[in-house]
Amino acid sequence: MLRLRSNTSLVNLLDYNQPQLAEYFVGLGEKPFRAKQMMRWMHHFGVNDFAQMTDIAKSLREKLQIEAEISPPTVQLEQVSDDGTRKWLIDVNNNGGADTANSIETVFIPEDDRGTLCISSQVGCALACTFCSTGRQGFNRNLSVSEIIGQLWLANQSLRKSDGYDMLPASERIISNVVMMGMGEPLTNYDNVVTAMQIMLDDSAYGLSRRRVTLSTSGIVPAMDRLKEDCPVALAVSLHAPNDALRDEIVPINKKYPIKELMAACERYLVKAPRDFVTFEYVMLDGVNDTVEHAHQLLDVVKNVPCKFNLIPFNPFPNSGYETSKPSHIRVFRDILMQAGYVVTVRKTRGEDIDAACGQLAGKVLDKTKRSMKIPIKAVA
Ligand code: SAH
Ligand code: SF4
């Protein structure tokens, strides 16, 4: 799909949630309720041509043609896995032309009872978790609201036109769940991520319930406290290690927000959360964090936090230096947690043949961090 590059002198209406859009219309001398109509056209019906918005006065449509646009980012490549998982490589260079060669990835995972879209929040990530392909690339920039919500917009458009989905009535949702688990740490792009999630929840836009939008964080404690007030959605926390010594090493942000503080933040979050548990994600790294002793330590660490566990077999990428835990070790680890009464899922690897599995998302990142050690990442484009 080829689209013209965004003209940056125009206001991109995909950058606004409904209250911000109402303010914009008031600024144009229009009634604030226009915002609701516009949200429906843009997000519910996926229309980005003002001329098609028939219930909006022609004079206003003409005004909008001149000064605004509805401009999602551009799809560079769409890949479909044997298991139905889809991955879009999305160009995010249309931010004034300062950057070259930046792209992000968005993944759709169909299951029997739901369709989950995994959305990116940044180009790269500054937090440098050692087992994460995105983290190895360093950080380039935050995504704008239109680039974040644009991933949902594009995926919806693309799926609606795809075989198997094209016959579905418009009222039927293809994407029922969103997880902020793609490239980047969503809580270090706080304002843009919260605005984009407000659009996901808005009944005039995508109307997803808070329980069906999950934010995954490596544990930015002050931002978790803000999120519970501003936009409490389901929470997943990337724990990955049951003690500070190991977590300091593999999730370096732990040095700033150690496990005890992180657990206290989870307890506070649950007071306002739409679900009564936190999901702890735990990547299974062979010989690193997957022993019987680690499982027992983990039980002790989480004892005050109502939670579920999601064990993620490590998804390898070139030169990672890690291996996936042996299936027998994953089973033993899982059984220890289950015997203690916890719900544990072992994440099925989806879309491996198109490098769409967790932590394999690479895109292309023009690294703005000054890394002393650069590790080559397999190109996906
Ligand atoms: N930055 C956020 C969200 C994006 S990562 C976070 O860290 O939570 C989404 C999940 O994939 C996280 O739990 C992350 O730790 C995990 N992950 C990263 N690299 C992985 C890999 N190579 N294999 C399996 N899971 C990985
Ligand atoms: Fe960033 Fe999450 Fe990867 Fe860590 S796991 S480097 S926080 S994207």
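## Around the ligand

Ligand 1 has 21 residues around it, and the closest are G184, S216, S238, H240 and N315; a residue counts as near if one of its heavy atoms lies within 4 Å of the molecule. Keep in mind that this is a predicted model, where local features need pLDDT of at least 70, side-chain atom pairs count only at pLDDT 80 or more, and totals for chains, interfaces and linings use all residues. As for bookkeeping, residues are numbered from 1 along each chain as its sequence is written, chains are lettered from A and ligands numbered from 1 in the order in which they are written, and side-chain values use heavy atoms, with hydrogens and water left out.

Now for the polar atoms. One oxygen of ligand 1 lies 2.6 Å from an N or O atom in the S238 side chain. A ligand nitrogen is 2.9 Å from a polar backbone atom of G184, and a nitrogen of ligand 1 is also 2.9 Å from a polar backbone atom of N315. On its own, ligand 1 has 530 Å² of accessible area, and the protein covers 95% of it (areas come from the Shrake-Rupley method with a 1.4 Å probe; for residues, only the protein chains shown count as cover). Strands β10 (213-217), β12 (278-284) and β13 (307-313) are the elements that give two or more residues to the shell.

Sorted by class, that shell holds ten nonpolar, nine polar and two charged residues. Here Ala, Val, Leu, Ile, Met, Phe, Trp, Tyr, Cys and Pro count as nonpolar, Asp, Glu, Lys and Arg as charged, and the others, Gly among them, as polar.

## The chain as a whole

The protein chain has eleven helices and 14 strands, taken as DSSP runs numbered from the N terminus (helices are H or I with at least four residues, strands E with at least two). Of its 381 residues, 56% are buried; that means under 20% relative accessible area, with exposed over 50% and partly exposed in between (1.4 Å probe, protein chains only).

Among contacts with a separation of 6 or more, 68% come from residues 24 or more positions apart, a contact being heavy atoms within 4.5 Å. The chain's accessible surface is about 16,600 Å², and carbon and sulfur atoms account for 52% of that.

## Salt bridges

Side chains of opposite charge can pair when their charged atoms come close. Searching the whole structure turns up 17 salt bridges (a side-chain nitrogen of Lys or Arg within 4 Å of a carboxyl oxygen of Asp or Glu). One of them links K87 and E105, with the closest N and O atoms 3.4 Å apart. K87 sits in strand β4 (residues 86-91) and E105 in strand β5 (residues 103-110), so this pair ties together parts that are 18 residues apart in sequence. K87 and E105 are both buried.

E30 and R34 also pair up, at 4.0 Å from N to O, and R34 counts as buried at 15% relative accessibility. Then there is K228 with E229, at 3.5 Å from N to O. K228 is buried, at 13% relative accessible area, whereas E229 is partly exposed at 46%. Both belong to a salt-bridge network that links D225, K228, E229, R268 and K272.

## A buried threonine

Where does T85 sit? T85 is in the loop between β3 (74-80) and β4. T85 is buried, with a relative accessible area of 0%.

The T85 side chain makes a polar contact of 2.7 Å with the side chain of D83. A polar contact is a pair of N or O atoms within 3.5 Å; within protein, one must be able to donate a hydrogen and the other to accept it, and residues adjacent in sequence count only if both atoms are side-chain atoms.
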